[in-house]
Amino acid sequence: MGRHDKPMIADSLQTVLDVLRTAGRTVRIERQTASLMPNNDSEVIDRSELEKCDLVIVVGGDGSILGVARELAHTEVPVLGVNRGGLGFLADISPDQIEPRISDVLAGQFRLEVHFLLEHKVIRDGKRVHSSPALNDVVVNSGSITRMMDFKLYINDEFVYEQRSDGLIVSTPTGSTAYALSAGGPIMHPTLNALAIVPMFPHTLTSRPLVVGGDSKVSVLINAENQYPLVSADSQVSYILHPRDEVHVQKFPQGLNIAYPTTHSFYEACRSKLDWGSRLGGSSAG
């Protein structure tokens, strides 16, 4: 499957299809993705049927994998990413390496990393009114670039602080190289059992990111004077909050299996995608 709104990925989709057919595998194509391949004669399935597959290959960027993650989190189906997007921390295979890397994976030369997800629940007047899983992060924000919001933060029901800021990011290790990184959060290895809590432009000089145990319950209580802030999952699923709403964030019961070629290295990805190797004068470490 791939991003159906990007026709330019059709060549990569075709290459993936050719590799799978050459290997004698049964191929199913997600329905919207199939619209990019008019001459396809493989079985077409809906997104709700992805869990029937042994492996889901996503052609796109990390954002495409985030969407798939929320749908496959309750299953054990592994996801393999081909990067036709931006950074590509999750979608690790470059377009020019599709044939050798996917062939290696089909031959059993791969490793699985289990990335845990978060689930946030919105409680209003004692009742749950919204919930969604998230692979990268759950973000509570003011809903407008022209105003701040007030909220209280609790961890495992223990009061941490009251803050006035643009909002708060609760990030998994997977999401630590995404939005949380832009807000000044720490980079965490994806196998860590930890959460990063990153304030967004706090109205104080002393508020810093906080790293807590991955099994913690993080609660954000919206103060009464706020005007309809938002909570979002992976910046893809948003919900309008009301004054005095409570947002509870905890680890989702199941994780996502991400398949990587054996050549994958998180630290190499950081070096190449975050310019860790660059030096003044243009030279880099060997």
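**Salt bridges and a cavity in a predicted model**

Arg21 and Asp41 form a salt bridge, with their closest N and O atoms 2.5 Å apart; the term denotes a side-chain nitrogen of Lys or Arg within 4 Å of a carboxyl oxygen of Asp or Glu. This pair links distant parts of the chain, 20 residues apart: Arg21 belongs to helix 1 (residues 10-22), and Asp41 to the loop between helix 2 (31-34) and strand 2 (43-45). Helices (H or I, at least four residues) and strands (E, at least two) are DSSP runs, numbered from the N terminus.

The model is predicted: local features need pLDDT of at least 70, side-chain atom pairs count only at pLDDT 80 or more, and totals for chains, interfaces and linings use all residues. Residues are numbered from 1 along each chain as its sequence is written, and side-chain values use heavy atoms, with hydrogens and water left out.

Asp41 counts as exposed because its relative accessibility is 64%, whereas Arg21, at 36%, counts as partly exposed. Here buried means under 20% relative accessible area, exposed over 50%, and partly exposed in between (1.4 Å probe, protein chains only).

In the whole structure, 14 salt bridges are found. Among them is the pair Asp104 and Arg101, at 3.9 Å from N to O. These two residues are separated by about one helical turn, because they lie three residues apart in helix 4 (residues 98-106).

The lining of the largest cavity includes Phe89, His115 and Tyr260. A cavity is a set of points, on a 1 Å grid over the protein atoms alone, where a 1.4 Å probe fits but cannot get out; lining residues have an atom within 4 Å of a point.

Technical notes: 1 Å grid on protein atoms, 1.4 Å probe; cavity = no way out; pocket = protein on both sides within 12 Å on 5 of 7 lines; lining within 4 Å.
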